[in-house]
Amino acid sequence: MDVLEQIKNQYDTLSKTQKKIADYIQQHTNTCCFASLKEIAAATGTTEATVIKFSKMIGYASFQDMRNQLKERTPDWTTPITTEAFSDLPFQELFRRNKTQQEENFAALWKTGNEKSVKDAVELLQNAKKIYCVACDFSSALSQYFYARFTRLGLNIEDVGSKSTTEILHSLAFADEKDIIVVFSFAEYSKMTLAIEEYMSVNRIKILCFSDNESSPASLMADVSVVCSTRHFILLNSMMSVIILIDLLAVAFFNENKAVFINHKRKLDKMQRYLFEKKVMPLDRMDPL
């Protein structure tokens, strides 16, 4: 039984302080397997003695024994960041490996049944009254890109990915069954994003998910899941394939909903003309696409 399974099985028996260590290991597994006893104690606000006691509490002879077990199982639960990131590679090798990895990710896009998923996603988008983009941390950059791409096509979108927790709650409280939630969730899956998705699913709000695996927690809760290969040999995730699929979805949506774009463009032109006549905005060419 590995460390994460040991933690899960014994979590309810741990003290409040020990649960802080358990939570930290579960959320930062890919770095904990390289961290020193001192580093983990500092990161969890505990002492080295407490971390050692925790290691023994979940069934290991020592902290070193627990950390070695984490290292042995890294291929099962993480990307290659844990095995490559701490070694120095010549630039030529970095260039070659990055090229190979991105080519593999790109090829994988067309092997995951995404054709049907993209078609289903277009149907979700065109039937939605309003669209909410949900993401956390690094994935927020993707929710912003999605927002920029689809607002220019005439969709009513709110990106809550970069908002504070309070602002997120106030925004999503308006969501109803005529809306959809677009979720961006990649390893190491944000608990906040998954909790929001679960709440929306329980309340019968449709969910479109971009994730790195069809069996990821986010994919399993979604009505439509678009799978993007995000593997990288150093970085935790590469986002290029996600951007490619967002663009593909935008093209597919535009192809079937040109009237939505034309109507949106007409409104934009009318507003811009008014502001130009008020001498508060130049009449520059606007390209909604």
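A pocket, on a 1 Å grid over the protein atoms alone, is an open set of points with protein on both sides within 12 Å along at least five of seven lines, and its lining residues have an atom within 4 Å of a point. Its volume is the space filled by probe spheres set on the points, with grid points joined across faces, edges and corners. In this structure, about 320 Å³ of space lies in the second largest pocket.

This is a predicted model: local features need pLDDT of at least 70, side-chain atom pairs count only at pLDDT 80 or more, and totals for chains, interfaces and linings use all residues. Residues are numbered from 1 along each chain as its sequence is written, and side-chain values use heavy atoms, with hydrogens and water left out.

**Overall build**

- The chain has 16 helices and five strands; these are DSSP runs (helices H or I, at least four residues; strands E, at least two), numbered from the N terminus.
- The C-alpha trace spans about 75 × 45 × 40 Å along its principal axes.
- Of the 289 residues in the chain, 40% are buried. Buried means under 20% relative accessible area, exposed means over 50%, and partly exposed is in between (1.4 Å probe, protein chains only).

**Second largest pocket**

- The lining of this pocket has 16 residues. Asp-137, Phe-138, Ser-139, Phe-186 and Ala-187 lie nearest the centre.
- By class, the lining holds nine nonpolar, five polar and two charged residues. Nonpolar covers Ala, Val, Leu, Ile, Met, Phe, Trp, Tyr, Cys and Pro; charged covers Asp, Glu, Lys and Arg; the others, Gly among them, are polar.

**Aromatic pairs**

- A search of the whole structure finds eight aromatic pairs. Rings of Phe, Tyr and Trp (its six-membered ring) pair if their centres lie within 6.5 Å; planes under 30 degrees apart are stacked, over 60 edge-to-face, and the rest tilted.
- One of them joins Phe-106 and Trp-110, edge-to-face, at 5.6 Å centre to centre with 80° between the planes. Phe-106 is partly exposed at 41% relative accessibility, and Trp-110 is partly exposed at 47%.
- Phe-254 and Phe-261 also pair edge-to-face, at 5.4 Å centre to centre and 80° between the planes. Phe-254 is partly exposed at 25%, whereas Phe-261 is buried at 14%.
- Lys-258 lies over the face of Phe-254, 5.6 Å from the ring centre. The test for a charge over a ring is NZ of Lys or CZ of Arg within 6 Å of the ring centre and within 35 degrees of the ring normal.
- Ring pairs link Phe-146, Phe-150, Phe-184, Phe-210 and Phe-253 into a cluster.

**Buried loop residues**

- Ser-238 sits in the loop between β5 (224-227) and α15 (240-256). Ser-238 is buried, with 5% relative accessible area.
- The side chain of Ser-238 makes a polar contact with the side chain of Gln-102 at 2.8 Å. Such a contact is a pair of N or O atoms within 3.5 Å; within protein, one must be able to donate a hydrogen and the other to accept it, and residues adjacent in sequence count only if both atoms are side-chain atoms.
- Ala-222 is in the loop between α14 (217-221) and β5, and is buried at 18%.
- Ala-222 and Val-182 are 40 residues apart along the chain, with their C-alpha atoms separated by 9.2 Å.

**Positive phi outside glycine**

- Arg-204 has a positive phi, near 60°. Arg-204 lies in the loop between α13 (191-202) and β4 (206-211) and is exposed at 63%.
- Lys-279 has a positive phi of about 60°. Lys-279 falls in the segment after α16 (258-277) and is exposed at 75%.

How values were computed: 1 Å grid on protein atoms, 1.4 Å probe; cavity = no way out; pocket = protein on both sides within 12 Å on 5 of 7 lines; lining within 4 Å.
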